[in-house]
Amino acid sequence: MASKVEEVNMFSRLKETIRVDDEDVQYFNLLALKDERYGRLPFSVRVLLESAIRNCDNFHIFEKDVENIMNWQENQNKGVEVPFKPSRVILQDFTGVPAVVDFAAMRDAVKRLGGDPETINPVCPADLVIDHSVQVDISRRACTIDPITPNPGGGVLPGAQIPSGTQGGVLGPCQACGRVKPGFRLPVLDQACPFHQLPTDCSDALQKNQEIEFQRNKERFLFLKWGAKALQNMLIVPPGSGIVHQVNLEYLGRVVFKSDGMMYPDSLVGTDSHTTMINGLGILGWGVGGIEAEAVMLNQCISMVLPKVVGYKLSGKMDSLATSTDVVLTITKHLRQVGVVGKFVEFFGPGVAQLSIADRATIANMCPEYGATVGFFPVDDISITYLRQTGRDEKKISYIETYLKANEMFRDFNNADQDPVFSEIVELDLSTVRSCISGPKRPHDKILVTDMKADFQSCLDNKVSFKGFDIPQEVQGTMVPFQMEEEEYNLKHGSVVIAAITSCTNTSNPSVMLGAGLLAKKAVEAGLMVPSYIKTSLSPGSGVVTYYLQESGVIPYLEKLGFDIVGYGCMTCIGNSGPLPEPVSQAIEKGDLVACGVLSGNRNFEGRIHPLTRANYLASPLLVIAYALAGTVSFDFESTPLGTNSEGKDIFLRDIWPSRSEIQEVERQYVIPGMFKEVYAKIAKGNESWSSLDAPESMLYPWDSKSTYIQSPPFFADMTKELPPITGIKEAHVLLNLGDSVTTDHISPAGSIARTSPAARYLASRGLTPREFNSYGSRRGNDSVMARGTFANIRLVNKFVGKAGPKTVHIPSGTTMDIFDAAERYKAEGRVLIILAGKDYGSGSSRDWAAKGPWMQGVRAVIAESYERIHRSNLVGMGIIPLQYLEGQTAESLGLTGKEKYCIELPQDLKPGQKATVKLDDGRSFEATLRFDTDVELTYFRHGGILNYMIRQKLPK
């Protein structure tokens, strides 16, 4: 790789050798540019500049691109597009499966066309973490205290029965579960150890949930395990290991690469919006769609608008009772008010030096919620300390420090002389942050805990909105009695039914996780309990969390309150909360109650967490436990006690809340490098279920035609070795006639599979029952399902039909039918399809199937008034022509009904931005701009798409 850079790079003169620990390594010395503008660039933009310089070949990246980035101060307001080639890619399993499917299909195509299929691999490093499949099917169990850990407070926990005559203790195993911790003196009992409420087996929620996960996802996991063996330069982290972003932070993040003797900054894109969490460690990265991710994996660039960079200055010191979650919810609300969509946010100021990397990562994680592309924290001494704490190799740390300091990318937040120029500056004094939560329907609707009771009451009163449920006064006091486990309970508006410590946003942060453990310990010692009907769960982001929770002795108390470890994955945060107990569900529905979920997650949009929790609040792990103890969000912790202790004394939240200094002392003692080394030494091994999967050993994947999860896509079925001539489109029918702001959510399959949909009919024809349908996300590796789910959104408005729904009109017959069925009928008739659209076609999150799905349905061109930038690029990546009406023209102004037949003429000497003539079957014609914006995009289109281009690159010349 280094020799290739030397041969074609336009900035090879900047390559220098530097000595690190008795080894000579090379790097591009940006200071050798001798350009005073460099020192004024935000640190995040310096990463963009370095990548452009290192990869400048005057094909993908031009010298003018480097100049555009260097001239950021002038260009930031001009919408200038620049290319960016990240150092690596990270994926989670829902979005990663289609990428691995494409690589497997590309191998088949290369083999068929006479090439070596083993050459098809990710070019840049790619890591895939399986974390989206597990859900909370089972939470707390009868045995709530793990006997392997003694009661750190001493004595017997409430509810445990010690037979008379057992004085002191003798060394021996728990008679109920047979486990013992060496050196722990445990009474020998006939029925139960003192850490069991009942003589049952230990908590098995984790094991049971993992077993169910493997039952549901065996086909997908077998395929991914094949990929782990067959594909080079790709690490697949098995299920049960943790959440992708936390594993990225604790283990995968390089900070600086050293590859083929060359050092350069770690940077990445990921197929999950919360990829931004890694910016807390000074690694530039953000979420993209699957097609962009695959392009980067194949050593291609992505295009981006040179961003404005908002400087966020932190000062002061956090209050001793505040948490990092309080800080991020405060920042999220603040930046939503400022308006940072499409911008970088870069943190600076002396307050940053007060934050741990875990605190910074919590703030960076919620970047999508405050709307920015990234929330970047440059590397500093605290970053280096974190790398040591997490067991990174000392030699690698030497490379990191040496390189970043040599290129002035290493930050001292207490040195204002290092402050770069920003587009604008906003400030926050950390000492003003108070305990808060956010909700009930949006992450940026912050509420002070002291105001929560009044705020929930106003939400009941308000008209239906983001802050309203419009509950009539006369039913606001509704109380529904129900029975569960032989106990009588009542549910009312505001009752908490889900309390989940979940999500990498918080589980990556030892301070809030240990804080939750200490709060649980004090609550149990005070005799407080969580009602058994509340679905409580703890899903750590990695095995390291479990390790330090166990070693610090807080696990028994968490379990006593019902917060058993239920799995390692995103779980409740992404809606994998599992079912509520049937009596609870019935009570909510009977009373039409505004039931609540409280979770330490990052999103709480309506319907996301659970269909029956209309109000959902984001909170720190400590507050998740606090509201579970309270049983309702309509609670004033200042004036109302959580309960009474054995002496009849009222116990308030302030009595059991641990201070920041208490938490930090436990963290210093128990979060140690050895934990990280031990856990991540076996990261690729997986659990017993993964190890027992008998995945194929072949270089080519043996597709199973009976599989309803994994199928070989038809993208390369008609591909030839020779580059085909450019052909236009003849007599195309319009599949859909759409208006403005059609988003990728309207286009791409998502969510559950409706029982009356084409996808449901397909799965039923394969012998599946509705409860086996699973979701579109889980079936993204099956093109037959995804094609049927494209444009299946019930809110899609097609002008042919006139009302919302996934319907269209088959023009030749005039029949209204499901969109997929119409596409299939056109295909059977041998007809090509196009789409007419208005402004901002493809806006919203980038999704690969928003481009793949239309291609599968036979769409070969889109004519729109304007496009979302990335979606337009994705259409090109699939070989679909993006045409744009000339300025001032629309379908309406041109008199287009969509019932015409369309011919699109393409010249053989295509050039970026060229115009094309569109002819109609009624004799009319008009011109439209071909939105191939670069020579690279034209190259992709000529080949039929980016993947086709890469296949031909691998064939013998």
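These legends go with close-up views of a predicted model. Local features are taken only where pLDDT is at least 70, side-chain atom pairs count only at pLDDT 80 or more, and totals for chains, interfaces and linings use all residues. Residues are numbered from 1 along each chain as its sequence is written, and side-chain values use heavy atoms, with hydrogens and water left out.

**View 1. Helix 2 against helix 3.** Here helix 2 (residues 43–54) packs with helix 3 (residues 63–70) at about 165°, and their axes are 9 Å apart. Helices (H or I, at least four residues) and strands (E, at least two) are DSSP runs, numbered from the N terminus. Axes are lines fitted to C-alpha atoms, for helices over the stretch in contact, and angles run from 0 to 180 degrees between N-to-C directions. The two helices are therefore roughly antiparallel to each other (the word covers angles over 145 degrees). Their crossing is left-handed, meaning that the near helix is turned anticlockwise from the far one by less than a right angle. Helix 2 brings Val45, Leu48, Leu49, Ala52 and Ile53 to the contact, and helix 3 brings Val66, Ile69 and Met70; contact means heavy atoms within 4.5 Å. Sorted by class, that makes eight nonpolar, no polar and no charged residues. Nonpolar covers Ala, Val, Leu, Ile, Met, Phe, Trp, Tyr, Cys and Pro, charged covers Asp, Glu, Lys and Arg, and polar covers the others, Gly among them.

View 2. Four strands form an open sheet in the order 1-2-8-7, with mixed pairing; two strands pair if DSSP finds at least two bridges between them. Strand 1 (15–20) and strand 7 (256–259) sit at the edges with a single partner strand each, so one side of each has no neighbour in the sheet. On average, neighbouring strands are turned by 35° against each other, direction ignored. Strand 2 (residues 23–28) and strand 8 (residues 262–265) run parallel and are joined by two bridges, with Tyr27 partnering Met263 of strand 8. Helix 2 packs on this sheet, touching strand 2 and strand 8, and its direction makes about 145° with that of strand 8.

View 3. Seven of the nine residues of strand 26 are buried, so the strand is largely enclosed by the rest of the structure. Buried means under 20% relative accessible area, exposed over 50%, and partly exposed in between (1.4 Å probe, protein chains only). Strand 26 runs parallel to strand 29, with four bridges between them, and Val734 has Ile834 as its bridge partner in strand 29. Ile834 also stands opposite Ala861 in strand 30. With strand 32 (residues 902–905), strand 26 runs antiparallel, joined by two bridges; there, Ile729 stands opposite Ile904.

View 4. Val110 belongs to helix 5 (residues 93–112) and counts as buried at 0% relative accessibility. The C-alpha atoms of Val110 and Ile951 are 6.2 Å apart, although the two are separated by 841 residues along the chain. Beyond its neighbours within four places in sequence, Val110 has contacts including Pro117, Ile120, Ile951 and Leu955.

Definitions and conventions: Parallel < 35°, antiparallel > 145°, perpendicular 65-115°, else oblique.
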